[in-house]
Amino acid sequence: MDFQDSPQDAQFRAECSQWLGAHAQLKTRSDEIFGPDLAPAERLQAARQWQAQKAAAGYGAITWPQALGGRGGSAAQELIWRQEEARFCVPSGYFSVSLGMVLPSILAHASEAVRQAHVAPALQGEHLWCQLLSEPDAGSDLGMVRTRAQRCTDGRDGWLINGQKVWTTLAQFAEFGLVLTRTDPEVPKFDGLTSFFLNMQSPGIDVRPIRQANGESEFNEVFFQDVFVPDSQRVGALGAGWKVTLTGLMSERLSIGATMPPDLWRTAAAMMDAAPWDGQSALHDGRMRERLADLYLNTHGLWLMQCRGLTELSKGRAPGPELSVGKIIAARTLQDFSYLAMDLQGSAGVLGHEEQGQAWRQVEQLWFGSASMRIAGGTDEIVKNSVGERILGLPPEPRTDKGVAFNALPR
Ligand SMILES: Cc1cc2nc3c(=O)[nH]c(=O)nc-3n(C[C@H](O)[C@H](O)[C@H](O)COP(=O)(O)OP(=O)(O)OC[C@H]3O[C@@H](n4cnc5c(N)ncnc54)[C@H](O)[C@@H]3O)c2cc1C
């Protein structure tokens with residue numbers, strides 16, 4: 001494992017830092033959040049502008065090929081960029097589904113004409129793409145997708161889509177979406193799926209934001225009623241929807257790990273130092289120090305795991321499935337941090353940032369966000385199943401649906 005930047009990476013880090021220093025404000029505290037009082041639509045607008053600035057300077061998509069407007073950089077450079085960007089108060093994260101998951105599928109499977117028309121506006125933040133996979137009865141097992149795409153029978157060269165998606169992040173703001181549909185229910189469940197991209201303003205699409213516990217509406221229900229999509233908007237071959245989806249899911253897995261705020265344990269230590277506990281600082285309490293030590297060890301362990309993954313990538317090998325364990329540890333660690341912060345406040349821990357001050361926003365965000373991180377992109381249980389099978393070599397879960405036509409599966 002290599003923990004140090006190579007001379008080239010060190011130079012790249014210095015370039016990033018210099019550019020960021022000229023175009024953004026350094027955070028005054030590591031837990032500072034961009035535009036805390038902006039409305040969601042305003043924050044997204046700021047994120048679009050920031051993405052456009054980055055794209056113009058060659059930082060919009062570090063690992064994408066230069067021919068597509070990317071930088072043609074390495075995975076290590078991508079991580080360096082994220083580490084440097086995290087030191088500045090900027091609206092980051094809004095394009096992680098659009099550019100980190102959906103566009104990789106478009107780049108890999110859509111036609112040249114589609115790439116020519118759609119990649120640049122997505123990279124510049126002008127178009128936001130959402131990912132329409134999950135349904136009320138198809139989340140962990142996307143093979144159960146029921147949203148139907150059926151060939152038009154009125155002479156048009158296209159399809160009519162009917163059904164419902166759920167948990168679609170930022171669909172209420174997205175210009176385009178990539179939807180996974182069932183085109184053939186008479187073959188085994190993963191073989192009858194096909195992907196299409198569509199304009200989210202198409203007639204027949206109804207987007208309904210879901211109000212979350214934190215008061216925001218980051219995701220949505222999306223209903224399709226006779227939504228027409230031309231065949232030219234099919235992404236990949238007929239019946240190859242699962243392959244298209246896997247490209248996006250794999251890209252998501254590779255980007256996991258950069259989600260941990262780098263100074264979290266320091267923030268926790270400062271909170272502990274400031275919290276009165278039995279007449280002195282909480283740092284004097286052995287049980288509290290134990291929780292701090294756990295936080296530090298998990299954060300550091302994740303960093304080492306990330307270094308190992310990057311070392312593999314730099315040697316031209318794909319990182320192993322152990323990287324996905326990182327998501328479980330990261331989500332748990334973030335959750336533990338928010339529990340710890342609340343415990344330190346005693347009964348005042350139930351109050352919000354309105355009473356506790358701006359610094360409490362990070363705790364609130366992590367309290368809600370870390371719980372959803374344990375579900376998004378594969379629940380803890382699904383990741384553990386994959387660890388059991390792919391790392392520990394345990395027998396796979398029994399599969400009763402293998403080779404069975406989708407419409408013959410029990411409902
Ligand atoms: C913040 C967030 C953003 C999201 N954004 C999107 C998005 O943009 N687009 C999109 O399509 N989806 C999105 N999702 C949906 C997400 O992919 C699903 O929630 C996730 O895959 C789990 O599916 P589910 O909610 O249907 O739960 P289910 O699959 O119904 O699982 C319910 C419970 O059963 C357990 N379980 C299921 N199968 C097994 C098994 N085989 N073994 C053991 N336990 C099992 C699960 O672990 C879970 O605890 C998002 C979710 C979140 C939380």
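## Basis of the model

Helices (H or I, at least four residues) and strands (E, at least two) are DSSP runs, numbered from the N terminus. The model is predicted, so local features need pLDDT of at least 70 and side-chain atom pairs count only at pLDDT 80 or more, while totals for chains, interfaces and linings use all residues. Residues are numbered from 1 along each chain as its sequence is written, and side-chain values use heavy atoms, with hydrogens and water left out.

## Backbone: positive phi

Most residues other than glycine have a negative phi. Asp226 has a positive phi, near 50°, and lies in strand β7 (residues 219-230). Asp226 is partly exposed, with a relative accessible area of 48%; buried means under 20% relative accessible area, exposed over 50%, and partly exposed in between (1.4 Å probe, protein chains only).

Trp167 also has a positive phi, near 65°. Trp167 is located in strand β3 and is partly exposed, at 48% relative accessible area.

## Ligand site

The shell around the ligand holds 17 residues, and Ser140, Trp167, Thr169, Thr379 and Glu381 come nearest. A residue is near a molecule or strand if one of its heavy atoms lies within 4 Å of it. By class, the shell has six nonpolar, nine polar and two charged residues. In this scheme Ala, Val, Leu, Ile, Met, Phe, Trp, Tyr, Cys and Pro count as nonpolar, Asp, Glu, Lys and Arg as charged, and the others, Gly among them, as polar. Strand β3 (158-169) and helix α12 (380-390) each supply at least two residues of the shell.

Polar contacts are pairs of N or O atoms within 3.5 Å; within protein, one must be able to donate a hydrogen and the other to accept it, and residues adjacent in sequence count only if both atoms are side-chain atoms. A ligand oxygen is 2.6 Å from a side-chain N or O atom of Thr379, and a ligand oxygen is 2.6 Å from a side-chain N or O atom of Glu381. The protein covers 66% of the 970 Å² of accessible area that the ligand has on its own. Accessible areas come from the Shrake-Rupley method with a 1.4 Å probe; for residues, only the protein chains shown count as cover.

## Salt bridges

The structure holds 22 salt bridges, each defined as a side-chain nitrogen of Lys or Arg within 4 Å of a carboxyl oxygen of Asp or Glu. One of them joins Arg361 and Asp37, at 3.1 Å from N to O. This pair links distant parts of the chain: Arg361 is in helix α11 (residues 360-373) and Asp37 in the loop between α1 (7-23) and α2 (40-56), 324 residues apart. Arg361 counts as buried because its relative accessibility is 15%, whereas Asp37 counts as exposed at 64%.

Arg374 pairs with Asp380, the closest N and O atoms being 2.7 Å apart, and Asp380 is buried at 4%. Between Arg399 and Asp401 the closest N and O atoms are 2.7 Å apart. Arg399 is partly exposed at 46%, and Asp401 is buried at 13%. Salt bridges link Asp141, Lys189, Arg399 and Asp401 in a network.

## Cysteines

A disulfide is taken as a pair of cysteine sulfur atoms within 2.5 Å, and by this rule there are zero disulfides. Cys130 counts as buried at 0% relative accessibility, and Cys152 counts as buried at 12%.
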